Amino acid sequence: MQRGVELGRFITFEGGEGSGKSTQAGILANRLARAGRPVFATREPGGSPAAEEIREALLSGKVWQFGPFAEAVMFSVARADHIDYAIREALQQGKWVVCDRFIDSTRAYQGATAGVPRSLISALERITVGALSPDITFILDIPAQEGLARAHERAEGTTPDRFEGQELMLHERVRRAFLDIAEEEPERCIVVDASQPEAMVAEDVWEAVLQRLNP
Ligand code: TYD
């Protein structure tokens, strides 16, 4: 991907709850480091001091009271700071940036799922991200029911409760949104079957990195 003077590589992980993307991002970061590559592992929302503060406001639901557009704006403000004070410098130093969630989460959650018009999401992207496109985006795909069951187990050791129905619909929409993004941008996005065992998912990810970016 053409990014001017930036020399590093930029890899993002996306997916719904229970898709294991944070685990896979960690595995890839370790693997790259073992292969002797300098790595900057980061996440969104957050990744820089100011963006971590905005993360608090976003995840606590404080921003949600102002509606999905306000949320999209705040995720974007956090992203701009993350880029300006962490990602760009890491790339300029030749690092491999591995980021847990990025622009596609805003497209999927605030855009496709919460209904912020695509033109507004695109405008925010142009302002915050510009030409800084990831080299690879892994979309970790898992059926909503399976992902939710995993997430619930992890959260409290129980299986999904009576609210599952509503949650399930929402997660199915998020899943669909990520798959649509992958279809639209096949040169950037790679869909990985995240219902496989963790080690197999990690292999798929590593193979793709070897093939496309040759670390
Ligand atoms: P987090 O606790 O990091 O969980 P996860 O393991 O699912 O990443 O929560 C991040 C939440 O923020 C997650 O529910 C997705 C949401 N999100 C958005 O809605 N839009 C965005 O642009 C980003 C980056 C995250």
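User: Where does the ligand sit?
Analyst: Keep in mind that this model is predicted. A molecule counts as sitting in a pocket if more than half of its atoms lie within 2 Å of the pocket's grid points. The ligand sits in the largest pocket.

User: Which elements give two or more residues to the shell around the ligand?
Analyst: The shell holds 13 residues. Helices supply the elements asked for. They are H1 (21-34), H2 (49-59), H3 (68-92) and H4 (103-113).

User: Which element gives the largest share of that shell?
Analyst: The shell divides into four nonpolar, four polar and five charged residues. The largest share is four residues. Those four come from H4.

User: How far is the polar side-chain atom of Gln 110 from a nitrogen atom of the ligand?
Analyst: Gln 110 is among the closest residues to the ligand, along with Lys 21, Arg 55, Arg 101 and Thr 106. A polar contact needs N or O atoms within 3.5 Å. For Gln 110 and the ligand nitrogen, the distance is 2.8 Å.

User: Where does Arg 101 lie, and what is its phi?
Analyst: Arg 101 lies in the loop between strand S3 (96-100) and H4. Its phi is positive, though the residue is not glycine. The value is near 80°.

User: How many residues apart are Asp 104 and Arg 188?
Analyst: Side chains of opposite charge can pair when their charged atoms come close. Asp 104 and Arg 188 form a salt bridge, at 2.8 Å from N to O. Asp 104 is in H4, while Arg 188 is in the loop between helix H7 (164-184) and strand S5 (189-193). This pair links distant parts of the chain, 84 residues apart.

User: Which residues does a cis peptide bond join?
Analyst: Look in the loop between strand S2 (39-43) and H2, where Pro 45 is placed. Omega is about -10° at this bond. The joined residues are Glu 44 and Pro 45.

Technical notes. Residues are numbered from 1 along each chain as its sequence is written. This is a predicted model: local features need pLDDT of at least 70, side-chain atom pairs count only at pLDDT 80 or more; totals for chains, interfaces and linings use all residues. Side-chain values use heavy atoms; hydrogens and water are left out. A residue is near a molecule or strand if one of its heavy atoms lies within 4 Å of it. A polar contact is a pair of N or O atoms within 3.5 Å; within protein, one must be able to donate a hydrogen and the other to accept it, and residues adjacent in sequence count only if both atoms are side-chain atoms. On a 1 Å grid over the protein atoms alone, a cavity is a set of points where a 1.4 Å probe fits but cannot get out, and a pocket is an open set with protein on both sides within 12 Å along at least five of seven lines; lining residues have an atom within 4 Å of a point. Ala, Val, Leu, Ile, Met, Phe, Trp, Tyr, Cys and Pro count as nonpolar, Asp, Glu, Lys and Arg as charged, and the others, Gly among them, as polar. A salt bridge is a side-chain nitrogen of Lys or Arg within 4 Å of a carboxyl oxygen of Asp or Glu.
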